[in-house]
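Please look through the structure shown here before reading on.

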Amino acid sequence: MTDTLPGASTALHTDAAVWASIHREEERQEAQLELIASENHASEEVMAAMGTALTNKYAEGYPGRRYYGGCEHVDEVEDLARDRAKELFGAERANVQPHSGTQANMAAFMAVLDPGDKVLAMSLDHGGHLSHGHVKNFSGVFYDFHSYGVDRGTERLDMDQVREQALQLRPRMLIAGASAYSRPIDFAAFAAIAKEIDALFMVDMAHIAGLVAGGAHASPIPYADIVTMTTHKTLRGPRGGLILCPKDRIVRVNSALFPGGQGGPLMHVIAAKAIAFREALQPSFKDYAAQVVANAGVLADTLSESGIRIVSGGTDNHVMLVDVGSIGLSGAAAEDALHRVGITCNKNLIPFDERPPMEASGIRLGTAAITTRGLDEADMGALGAWIADVLRAPESDAVIERVRGEVAALTADKPIYSPRS
Ligand SMILES: Cc1ncc(COP(=O)(O)O)c(C=O)c1O
């Protein structure tokens, strides 16, 4: 690999220290299998857009109504991003400015709630996200969050239990969406509960946005009052957030985001979002989304057949929770062992976990990134066997050595980015 990034010239790279670290990170990504479920490998075109002069532009406001001059070209870019987001998800309105998923959620809450309002969302311990009510997050500080979890027996959402809690609590808003839930979410059932108690219904589809875009998970758009997401997970865009809503809510969403929660938008990132949305509109993205789900299914089945328990018995999307406690390991030990062979993942609580979060009984595995680099079902069978071998013998140098070699051969065979000249 040479020392140039897409769109940048070597002659301009004088900061040896920073570029050396960037190159080591690029090489790490090429050489390792990325199973962190919230990560992906954005296209070179998406990355190139972020390294442009658009980073210089202040554009507080929205297209046609900015607080700064010289916005005619960034207006074009933001209009393209908004139009493509609306087309991709079939939404009436889009705000493409959130710097992150958490800021999209902050704006969504500010647009429709008052401080102190009751909200019912998925428990963080069962797969929810910290911006859905963690005590130290703005959400838990400014709103009165309560949580529903999965059923102890099935480890799936039980909509009767959610309904019972909602009827009792009578929250102002019900939220669906998770960071570690491997089964389909029944948006129609959530919307019916929200309607019954006259609550708002919000969906945070950060994790499954790419699956929804590619038709591999049902869309929440027909059911939700407001939808937020990140653009960098299964959707495979730049890091950032996106809010979708019906047209009668966009004025409040826009002002909740700016000036409510952010200043100037990151126009270089919005350009990258526009490019990513176009990529996701291509027929090939449907194939990608289907392959992500097929790969996850084979990986989960392979691990399960090797005697390692998968939470809820498997997966229907891109993610799975592997109960490594079922073979006597902690999630932290499993994460470390896999790291030694070049497989990156994260320890994760499993529902009703008795270990503390920094230890955990599970690891969370996702197939979005490895599918982007071209791995298929046959590779998943091999990968599942390697993971099982490592987890069953985490102290065996011979096993670690062998699997590290297998991972190195596979990553060399399936590079993420074309070699640059
Ligand atoms: C469901 C959900 N919502 C929101 C976020 C927050 O995204 P960000 O890290 O961009 O703030 C995440 C990120 O993991 C997530 O999983």
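Alanine 360 is buried, because 24 other C-beta atoms lie within 10 Å; a residue is buried if 20 or more other C-beta atoms lie within 10 Å of its own, exposed if 12 or fewer, and partly exposed in between, with C-beta atoms placed from the backbone. The model is a predicted one: local features need pLDDT of at least 70, side-chain atom pairs count only at pLDDT 80 or more, and totals for chains, interfaces and linings use all residues. Residues are numbered from 1 along each chain as its sequence is written.

Alanine 360 sits in the loop between strand 14 (346-348) and strand 15 (362-366); helices (H or I, at least four residues) and strands (E, at least two) are DSSP runs, numbered from the N terminus. Although it is not a glycine, alanine 360 has a positive phi of about 60°. Aspartate 198, also not a glycine, has a positive phi of about 60°. Its loop runs between helix 7 (187-196) and strand 8 (200-204). Aspartate 198 counts as exposed because it has 8 C-beta neighbours inside 10 Å.

Most residues other than glycine have a negative phi, and most peptide bonds are trans. A cis peptide bond, with omega about 10°, joins phenylalanine 258 and proline 259. Proline 259 is placed in helix 9 (residues 250-261).

Helix 14 (residues 377-392) has 16 residues, which at 1.5 Å a residue should span 22 Å, and its end C-alpha atoms are 22 Å apart, in agreement. The expected span is 1.5 Å times one less than the number of residues. Its buried residues are Asp379, Met380, Leu383, Gly384, Trp386, Ile387, Val390 and Leu391. They lie on the same side of helix 14 because they cover an arc of only 165° around the axis, the arc being that of the directions from the helix axis to the C-beta atoms. The buried residues of helix 14 pack against elements including helix 11 (283-305), helix 12 (331-340) and helix 15 (397-413).

The domain assignment gives domain 1 (50-281) and domain 2 (284-413); such bounds come from an automatic or database domain assignment. The centres of the two domains, taken over C-alpha atoms, are 28 Å apart. In domain 1, 26 residues are in contact with 24 residues of domain 2, contact meaning that C-beta atoms, placed from the backbone, lie within 7 Å. On the side of domain 1 that touches domain 2, helix 8 (209-213) and helix 10 (267-281) each supply at least two residues. Helix 8 gives the most to that side, with three residues.

Key
Contact = placed C-beta atoms within 7 Å.
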